[in-house]
Structures are given as structure tokens and as C-alpha cells.
Amino acid sequence: MRMRALAISAMVLAATITALPARAERLIVSVSNHRVTVTPNYSGEELVLFGSVEKDANTPPNRNYDLVVTVFGPRADMVTRRKERKFGIWINTDSRQFLQVPTYLAIFSNRPIDAIASPEVQRRQQLGMNNVVLTQRVGTDYADVVPTDPFRTAFIRLKSQHGLYRESSSAVTFLTPTLFRSGIPLPAEVPIGTYTVDIKLFADGQLITRTETAFEIVKVGFEQFVANTARQNGFVYGLATVVMALMTGWMASIVFRKD
Amino acid sequence: MQLFLPIADIPVNVFLILAMGAAVGFVSGMFGIGGGFLMTPLLIFVGISPAVAVASVSSHIAASSMSGAISYWRRRSIDPALAVVLLTGGSIGTALGVFTFTWLRSLGQLDLLIALSYVILLTTVGGLMFWEGLRAMLRARGGKPVPTRRPGSHVWIHGLPLKMRFKRSKIYLSVIPVVAIGLLIGFLGAVMGIGGGFILVPLMIYLLRVPTSTVIGTSMVLTLVTMLFATMLHALTNHLVDAVLALILMVGGVTGAQFGARAGQKIRGEHLRLLLGLLVLAVGVRFAFELGIKPTELFTVRETGGAA
């Protein structure tokens, strides 16, 4: 069943490619590691994305390329709360829910996004932190809000402080006019899951082509085992912790016995 | 040495946590208390979320009260009947506490509740202890003997029905206040991540007139069981118990406690109470201060699930 679906989609894809007039450019990309394992002493690392722009006969000569790379981490629901002064103390009053927003978000380009494309194109292509869709629950509605919304800016600021959201207009470097690379920094508290990398190629303010790649972050070792057990097997985990506490206390009373 | 805490989800320095465990253990050994009211705030100040701190500290307190309870059991200074009655209330209180904890967490008001309960409880108890210690010290300096216990005086507690005889403590008492105290301690323990020894022991001495020979041992049994129960419930409902963190704390704590107990024997009782009062008061004031000043960051973000 799955094989057949796969075969059909491959055929459709092949048909589309041949049916289309030969595209002027093609993006070929790869990341340095498609599977990052986070070990207990992991303190962050950097993946490298590299690629090249393949030209063909239809490519207009002397085109200047721009690249925007957007890395999306696994998605999750988040809540942002705001403290206000009530009765002389600071307490959480207002809150906003963010639905299925990326837990990690990196937006990298070779020069400022404003210089790459017009505001209209930026919005349509969701380029940059201000244009990425971060869905909020507003009353009964689901929508993204204006970039200046206090909850949205606070959310991005807090995520950026942890190194989980980042934007840089100099992270992508062209080694030759067609060969490029970009680092993808992954901090120590990087969430596990599948990450998608969306690469968009621009020339003269217009989107030329795009491609996607992905990598996976897995945690291995004792810590992950503990975390998994705690979430999936609360009873056993609680029992083990209880036994551990009793044993430690008992051992101490033997080791330090005075008489 | 950096270690990644699986549940707290942050990297910490093992030696820092170990030292914190030892320091709190030292203090708890010196004063004969569980030390949860110091451990939980310290963890919060290092950057561990209050929820994880409260849940993990409960297993740490269980370990230290286990070793305490064993040594008191050997000296036959535990009143089993009294412990059982206290535990009836304690278990219900703990369950209620964990339920409240979960409910407030979903509302986003858990951190506030933890901070507020610390302020109220610690400043009151700390202030009283400090005052009591100061008075006792002044009296001792004046050359008068320090009255330790006023036997035979009847308070309203003794007029309550459902009386029961607690043989080892040699008291005849209604079970109602005993269950109520157990309930209170269990509730506070689950919500605040404290054993509650520093409230329980005075309550048992002054209100229930439990003799000093059995009071500490019996209170340790209550602490042990309620904290084990709290650990279990926190693990089941909120998945917030960090076993790795707890183990480091336990090892540091039980070691520090041994040295603390030795140091405690060299200090006079009223000085000890004065010092403990000051310590409790200081933690309470620290929390009050935190609530009152404008936080540098007004916003907080928390994952509410749905990770795909």
C-alpha cells in the first residue's frame, strides 16, 4: 500500500519535472549530519548546511543570488504569561496560547532580508522572524498577530535568550558565486525530534527556487532513559525513586552508625 | 562536571548540587529537621523550576528522614500508634496537596502559591521561633531555669471526643487534632516541598503535649511516609520528579547531616532555636522580597504539550 503510494508519487514527481520547462536553477543541499545524538555531556554543537546552485543553459548570466534558510524544530503548544502588579505583588495575570509553534527556529540569510526581497514577498514567503507564522489562540479564533504584539515579541525574546530562536543576516556565506554554506547552532537544551530546513533562493527580489532537507535530534543514554520512563511509566518510575530514597537513607544509617 | 538533568531539562554542575545537598544536610542535622524549606528555595534560585524542585525534594527528604527514623527506631523513641493516626491525616493531606499543585500548575499560578506559602509560613514560624529562642536565652542569662514543658495543663484540645491512649508517649488524647495536624503537614509538604518537621515538632510539643522522648522520632515517621507518598503522586500525575537530581541531593544531604548533628551537639538548645528561627525567617523574607520587587522579565513561556 505504502509502496504503491510512494511509486505513484514518484511517478507524478517525475512527470512534473519533465513537464515543466527546464528550470533555470536547481538547489543541491546537504547537512553535515542527519542524525545528531545528544549525550549527557552534550553542551551544544553546530551543524553545517552546505549546498550549491546548479545552473543550466536557461540561466540568465551574472545573476546575483540570495539565500534564506529557515530551520524549524519540532512543534509544540506553548503558553506565554504576563505578570502584573496586584495587591503589591507581581503575579501572572494575562496569558496567550501559542499553538503548534516550532520549539526551535533559526532564520539565516546572506544579507538583511529587507535587502533581499520586498515586504510583500517577505510576507508571502514568511521570511524573517516578523513574518514567520506563530499561531495564537485569540479568543475562539486562531491567528497570528502583528509583529509588535507584546506577547509575540516576549515569546520570541524569551526563546532567543535560550538560543532556541535566532535570526542572522550574515550566517549564510557564499564561498563562490554558487557554492554556499551556513552553520546551524544547536544549544544544549535543544528539543529532540525532527527538524526541517527550508532553503529559498532569491534573485532580483524574486523567489527562484526552493528545496527542503531535514535532520533528526535524538537523545541517548541514561538521561533519556530516565526521562522516557518518567513520562511513560510514572508508576514504576515513582516506585524506583521511592526505593532509591529508602535505600540511600538505610545505607547512610549503616555507614554512619555510631555504636 | 556538567550533568544534564533529565526532568528539570537543564545542565547543572554536579559539585554545586552536591555541595548544596551537603550544606542543607549539615543544617538539617544540626537542628534535627528535614531541611526541605532550605533545599527547595536553593534549587529554585539555581534555576530549576519550582515545580520540579518541589517534586524532587520530596524524595530527598524521604531519604534523610529514613536514616533518621531508623536510628530513632533503634532507640525505641517512636510511638507507632501516634504515627499511624498522624499518617491517616497525612496521606489525605498529601493527596489533596498534590491535587492542588496540579490544578494551580494548569492555571499558571503554582509558582505564586509556592512563593506565597513560603512567605507566610516561614516568616510566621521563623519569627515565633526567633522570639521564643531570644526569650529563652535572656531567661537563661538571667540565671533562671528554662522551663521545657508544662505538664498537666489542660487546653481545649483535651476536651475533644474520640480519645485514644498512646502508650509509648504516655498521653491520652483525642484523635481529631492528631489527624488534623497530619492533614496540614501532608498538604503543606506536597505543595511546598518541605517535610514540615519545623512546624510539626512545635505543634506536637505545645498542642498535643507529646513528650520530647518520642516527638522527633514520630514526626520523622510522618515525614518519611508523607514524602514517599508525595514522591509517588508527583511522579504519577505531573511527571516532575527528577531522580538524578534527587540522588545527588540525597548523597550530599545524608553525608552533611552527620557532620551537622555533631556540630549541633556543641551548641546550646536555645541558641540553636534562635539560629534556626533566624534562618527560617531569612528564607521567608527573601521570598517576600522577590514577590514585591518588579521582575526584570514580566513574561514567562511554558510548553503545554502537543509536541509532535
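Where in chain B is B:R209 found? Let us start there, in a model that is predicted.

**View 1. A loop residue of chain B with a positive phi.** B:R209 sits in the loop between α7 (197-206) and α8 (212-237) of chain B. Its phi is positive, about 60 degrees, although B:R209 is not a glycine. B:R209 counts as buried because 20 other C-beta atoms lie within 10 Å.

View 2. A:D204 is exposed, because it has 12 C-beta neighbours inside 10 Å.

**View 3. The open sheet of chain A.** Follow the six strands in the order β2-β14-β13-β4-β7-β10, with mixed pairing. From one strand to the next, the twist averages 15 degrees.

View 4. Strands β4 (residues 65-72) and β7 (residues 105-109) of chain A run antiparallel and are joined by five bridges. For A:V68, the bridge partner in β7(A) is A:S109.

**View 5. Helix α5 of chain B.** This helix (residues 110-141) has 32 residues and reaches 45 Å from its first C-alpha to its last, close to the expected 46 Å. Its buried residues include B:L110, B:Y118, B:M129 and B:G133.

**View 6. The two domains of chain A.** Domain 1 covers 24-218 and domain 2 covers 221-251. Their C-alpha centres lie 37 Å apart.

Technical notes. Residues numbered from 1 in each chain as written. Chains lettered and ligands numbered in written order. Predicted model: local features only at pLDDT ≥ 70, side-chain atom pairs only at ≥ 80, totals over all residues. Pairing = 2+ DSSP bridges. Helix = DSSP H or I, 4+ residues; strand = E, 2+ residues; numbered from the N terminus. Axes fitted to C-alpha atoms, helices over the stretch in contact; angles between N-to-C directions. Domains from an automatic or database assignment. Expected span 1.5 Å × (residues − 1).
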